[in-house]
Amino acid sequence: MSDSLPPLTLQDRMERLQELTEFTEKCKKQINDIFETLGWSLDYKNANQEPMEQCPYDPHHRVPVRTMEKHKASCKLKKMGYSAEEQAEMYDPSVSYENTSVRSFTMDKTTQHQVILQARSAAPMMRMEGVFWQGQYSGEPVDVPQNHKRAVCDLTVADRLALYNHVVGVINEQKEASSSNDDLYVDLVSKLQKDEEQNEPKTKLELMAEMRDYKRRRQSYRAKNVHITKKSYTEVIREVINVHSEELARQWKEEEDEEESMRVEQSSHGRQVDERRSPSSESHHSHSKRHRSRERSHERESKKKKSRRDR
């Protein structure tokens, strides 16, 4: 008997073909992903024609020029110890500041170390309460952190504060410089435009706009300007004296009114007291009057008795 395999049916052949096709597509996809990560091309002729460049961070990497920037950013982070997961969470903040007036500052390793050394030299040598001393600053240069985790781990609190103050100072200087330059530019442009407009007749719309702006100006502003410019120094001083005199007179009048009101209140209070005391005084007066009349009658009687005795 022969040990030959039984012939395959058409259905078996189709299944085998389908399995080989799926395996081939899977391998092809893996190869494409690898080539795309490395920046290579599957076409040998196009790969030879496209210029290649060596990576500055790894001499074994040769990458096409068109993808060099992307490769350098990824390779630099990889050499600094950032994992693929950390790189996936990073993003370029410059995209958010496009077409805006927000200023940005890029810190490099050398500048970072110099800023920390300057802050350290200005700090006290001994430990003091409320301030950072020299022992709280980093002594060795470290790479610029690319995320919050590295900033907390690689830099101290004193380092981060010194870097923050440096960046704020640089941004403020840029703002002051740009504002002064903008003012100069605006003044120059307005002057040029004014000179050009003086050489040309004004249109009807421009005249209407000037009249509208003139009407919008406050009447009191125009009147005050004319009133002040036409007065002499003596007239102005006289008006100042009059204003002070009126104010003093007003204060004196208020004081007199207050004194008068106090006198009225005191007089009314005195009347009330007199009214309360009047019944008792009248009774005392009548009593004294009766007493005097009794004394007089007694004296007359005594005189009469004495005259009778004499007789």
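This is a predicted model: local features need pLDDT of at least 70, side-chain atom pairs count only at pLDDT 80 or more; totals for chains, interfaces and linings use all residues.
In this talk, a contact means heavy atoms within 4.5 Å.

Residues are numbered from 1 along each chain as its sequence is written, and side-chain values use heavy atoms, with hydrogens and water left out.

I begin with the chain as a whole. Its secondary structure consists of ten helices and two strands. In order from the N terminus, the elements read α-α-β-β-α-α-α-α-α-α-α-α.

How much of the chain is buried? Of its 311 residues, 12% count as buried. Buried here means under 20% relative accessible area, exposed means over 50%, and partly exposed lies in between, with a 1.4 Å probe and protein chains only. The accessible surface of the chain is about 27,700 Å², and carbon and sulfur atoms contribute 54% of that surface. Such areas come from the Shrake-Rupley method with a 1.4 Å probe, and for residues only the protein chains shown count as cover. Among contacts in the chain with a separation of 6 or more, 41% are between residues 24 or more positions apart.

Let me now turn to the annotated region. An unreviewed UniProt entry lists residues 52–79 as "domain: CHHC U11-48K-type". UniProt positions are given in the numbering used here, feature names are shortened, and annotations may be inferred rather than shown by experiment. In the model, this span is 43% helix and 21% strand, and its end C-alpha atoms lie 21 Å apart.

Helix α3, residues 68–79, holds both K72 and E69. The helix has twelve residues and reaches 16 Å from its first C-alpha to its last, close to the 16 Å expected at 1.5 Å a residue. That expected span is 1.5 Å times one less than the number of residues. Which residues of α3 are buried? They include M68, H71, C75 and L77. The cover over the buried residues of α3 includes β1 (52–54), β2 (62–64) and α4 (84–89). H71 has a relative accessible area of 17%. Leaving aside residues up to four places away in sequence, H71 touches C55, H61 and V63. Just after α3 comes G81, with a positive phi of about 100°.

Next, the charged pairs. The structure holds seven salt bridges, each defined as a side-chain nitrogen of Lys or Arg within 4 Å of a carboxyl oxygen of Asp or Glu. One of them joins K72 to E69, with the closest N and O atoms 3.6 Å apart. The two residues sit three residues apart in α3, about one turn of the helix. K72 is partly exposed, at a relative accessible area of 25%, whereas E69 is exposed, at 57%.

Another salt bridge links D33 and K29, at 3.4 Å from N to O. Both belong to helix α1, residues 10–38, and they stand four residues apart, about one turn of the helix. D33 is partly exposed, with a relative accessible area of 36%, and K29 is exposed, with 52%. The 29 residues of α1 should span 42 Å at 1.5 Å a residue, and the distance of 43 Å between its end C-alpha atoms agrees with this. After α1 comes G39, whose phi is positive, near 80°.

A further salt bridge pairs K253 with D257, at 3.5 Å from N to O. These two are separated by about one helical turn because they lie four residues apart in helix α10, residues 233–310. Salt bridges that share partners also join E247, R250 and E254 into one network.

Finally, the nonpolar core. In soluble globular proteins, nonpolar side chains tend to be buried together. A nonpolar core is a set of buried Ala, Val, Leu, Ile, Met, Phe, Trp, Tyr and Cys residues joined through side-chain atoms within 4.5 Å. The largest such core here has eleven residues, among them M107, V115, I116, Y137, L155 and L163. Helices α5 (109–122) and α7 (157–198) each supply at least two residues of this core. What does I116 touch, not counting residues up to four places away in sequence? The residues are Y137, S138, L155, D159 and L163.

Thank you for your attention.
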